[in-house]
Amino acid sequence: MKSRALRHVALRRAALSRPQAVPFALRSASSLSQRPNSDFVSFPGALKSAFTTTLKFEAPESYPALPTYRVVDQHGTVVDESFKPDISDEEVIRLYKDMVFISIMDLIMFDAQRQGRLSFYMVSAGEEAVSIGSSSVLDREDVMFCQYREQGVFKERGWTAKEFMGQLFANKRDPGRGRSMPVHYGSKELNIHSISSPLATQLPQASGAAYALKMQRLQDPNVKPRVVAAFFGEGAASEGDFHAALNIAATRSCPVIFICRNNGYAISTPTLDQYRGDGIASRGIGYGIDTIRIDGNDIWAVREATKKAREMALQDGGKPVLIEAMTYRVSHHSTSDDSFAYRARVEVEDWKRRDNPITRLRKWMEAKGIWDETKEKEARDSLRKEILKAFSEAEREKKPPIRAMFEDVYEELTEDLKAQMAELKEMLDKYPEEYEVAEFEGGKDSLKP
Amino acid sequence: MKHRAVHQLRRAIGASTIRLPVRRCYSTHPPNARLNLPVDYATTPLLAHSSQAALSNKELPEDVRNGPTKKMNLFQAINDAMGIALAEDESVVVFGEDVAFGGVFRCTMKLADTHGAERVFNTPLTEQGIMGFGIGLAAEGMRPIAEIQFADYVYPAFDQLVNEAAKFRYRDGACGRSVGGLTVRMPCGGVGHGGLYHSQSPESLFTHIPGLRVIMPRSPAQAKGLLLAAIRSNDPCVFMEPKILYRAAVEQVPTGAYELPLSKAEVLKEGKDVTIISYGQPLYLCQSAIKQAERDLGISVELIDLRTVYPWDKKTVFESVRKTGRVMVVHESMVNAGIGAEVAAAIQEDPDTFLRLEAPVARVAGWSIHNPLIFEKFHLPDVARIYDNIKRVLDY
């Protein structure tokens, strides 16, 4: 669609004025020619294609759907016989508790939003294994980009109830300084970039960040090899940024793992309205990216696949890998959504009952004899207490200073912003009855120059 | 650019009044024109034609002022700035469509050769990808210089610029991360025959976004200093290059590394009767109009180059307007909600400046249309319109 007309003019003129120039960096593809009687195409755009005399269009349905890798089935039974747990029982229990933590926090916060105690919330029920499983095999210094349904990553990397609540209630402990909606977490310590609402924008950023890690290691071999992991839903994969991200990651050989949570819905839109190909995984191959589809309700499959993907992403100087984790969004899209308006309650209940990442791991642990009903009850009680305690503390905490609204737009406050801050201060002084400032740290005084 | 070729041809022929016996092509001007003559970049006082003139700039650091200069056009000066940035800081990388072989406007010539294909490289043809990729690089501590081949094609990247680059520091809050290392270069402005999609000046779309710095240079030496400042700035910068000047504007450029201040306007010429505020290529048209107006009307006009259009230098502008009492803003992009609207509103909003106004603030800018191929010379501000507006502002 974009016209390249003028570019060619510029090119031609340049070529004319500098006939001997351009000795470097020109891709050799342009010097290829079609050999007489060759069985293979030598057009620069596709070098390994054999000629055929059969007129045949490739139909998607003539290829079987990509298989879904799993280690443990719905009953908690190991089906991949080569599988050996690579972590201690204590570690497994920790991951299990992280998953339970997220699911309990989800219930509490969803209700809290319903009571009007916070403005918004998004649960990740049914998808705890994808975030926690993948996070648990990545290095702590690997860089993460999330979409918003990956609370588990923050939990697995060490966030406490207090830190979650700080962001959710936008109090003075919120690293985002009260500027973003709830669930838009971010942490420098954990190497997770702050979440933004626009979908898929994080994907080309992840490619760029991965290229940065690769360059930093090229420039200093003592730098530890690191990868970037980027999460997104199957709906977000319809955005142009998904296309841009995978293509650029492949052409620039970026060590990035794209992890798609295919949970069947983008708000109300079922996948049937989202795409007609074989899910998201089938696209990876088209970009020249090593790809796998996995059972996202199986934390062991998530771990095995992500572990291997990390290894692959660092091979050959770096390359992207795509993982499509199949799950089901058990919950409503968010607190602003009633999903029974577009799907049957019975469908959701079925999924909750039949297959769920938490019960699947629990069954596996019980079969192994490291978990039982008493431990389950103890764990749930103590996690619930921890969350509720942090909840009530966070609710009482002061909000960030009002001044924070003007800061961080630029590295330093501009003259305009200083003037606007003074103007707001004047308003608050003049109309004290019209504004509630006591809950903000420092009250209106924070606006002093 | 054709402009210049024909102009050179004319100079080669001599100062006689020989008329080319061909039908009028894009670069000719009406035979009896007194105002709308092609800009003579070889003599304009807005360019430093001697080493001495180039080094007299007090904004330059001491060592650069004592150093050598070299004759460069705009694309060479931009190339020079990027070469310096790549050499002095290994976190600088340069990428975009077709930049590896030197760029369609030659701005990245030899950079891949000198600094390696890992640091100067082509991307697939995707503006949103280029911008997102640059943001990711900057978020991990690099200093990416992304090129959008024409400003007309920045819109696919608009979401990344507006919602991501501009807000990155703000939403990261106490975490303290930003994409301040990011600089986005894009050729902009009319070129005589660019039509709808090779002529646009979308700067005011970016000035409406908190978090971005928007810069447009007018000359090679200025482009080098401002681009280096943008690259080293810790805020994301949109650097717009008037492509008609790539080859046309030639001047002596200090060879050392130097920055010119961002968000600081430059008074190019002092005057007492009218202030003209502009940036980029139209400054040359302003200069021509001022020359005629001063000769015809016996007045003196002050000319200010904004350089950074956001956050912009209100102080310098207000001081000038308080002195002259009459003011006009000139730019190529559409008059409505353009830079002129912002500058005019700010002028009338400042009580001290408002009281000094002797006439309404005038805006000379593109009409509220798209840039049409064969009508460009009626669309973009020209010397005659600027001249006429000087008279109108004075006659009020």
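Modeller: A salt bridge is a side-chain nitrogen of Lys or Arg within 4 Å of a carboxyl oxygen of Asp or Glu. This is a predicted model, in which local features need pLDDT of at least 70 and side-chain atom pairs count only at pLDDT 80 or more, while totals for chains, interfaces and linings use all residues; side-chain values use heavy atoms, with hydrogens and water left out. Residues are numbered from 1 along each chain as its sequence is written, and chains are lettered from A and ligands numbered from 1 in the order in which they are written.

Biologist: Which two side chains meet in a salt bridge?

Modeller: Across the interface of chain B and chain A, the rule finds one salt bridge. With a distance of 3.0 Å from N to O, the side chains that meet in it are those of Lys314(B) and Asp416(A).

Biologist: About how much area do chain B and chain A bury between them?

Modeller: The size of an interface is often given as the accessible area lost when the parts come together. Here 66 residues of chain B are in contact (heavy atoms within 4.5 Å) with 62 residues of chain A. The buried area, taken with a 1.4 Å probe and summed over both parts, lies 59% on carbon and sulfur atoms and comes to about 5,600 Å².

Biologist: Which three residues supply 14% of the area that chain B buries against chain A?

Modeller: The area that the two chains bury is, for 59% of it, on carbon and sulfur atoms. On the side of chain B, more of the area than from any other three residues comes from Glu140(B), Tyr170(B) and Arg171(B).

Biologist: Which element gives the largest share of the side of chain B that touches chain A?

Modeller: The rule finds 24 residue pairs in polar contact across this interface, both residues at pLDDT 80 or more; such a contact is a pair of N or O atoms within 3.5 Å, where within protein one must be able to donate a hydrogen and the other to accept it, and residues adjacent in sequence count only if both atoms are side-chain atoms. Elements are DSSP runs numbered from the N terminus, helices (H or I) having at least four residues and strands (E) at least two. Those of chain B giving two or more residues to this side include helix H5 (111-115), strand E3 (120-122) and helix H6 (127-139). The largest share, 10 residues, comes from H6(B).

Biologist: Why is strand E10 of chain B largely enclosed by the rest of the structure?

Modeller: Buried means under 20% relative accessible area, with exposed over 50% and partly exposed in between (1.4 Å probe, protein chains only). Val274(B), Ile276(B) and Ser278(B) cover one side and Thr275(B) and Ile277(B) the other, and all are buried. The strand is therefore largely enclosed, since the buried residues number five of the five.

Biologist: Which residue in E11(B) is the bridge partner of Thr275(B)?

Modeller: E10(B) pairs with strand E11 (residues 301-305) of chain B in the parallel sense over five bridges, where pairing requires that DSSP find at least two bridges. Within E11(B), the partner of Thr275(B) is Glu302(B).

Biologist: Is Thr327(A) buried or exposed?

Modeller: Thr327(A) is found in the loop between strand E7 (321-326) and helix H11 (345-354) of chain A. Not counting residues up to four places away in sequence, Thr327(A) touches several residues, among them Gly126(A), Asn262(A) and Gly296(A). At 10% relative accessibility, Thr327(A) counts as buried.
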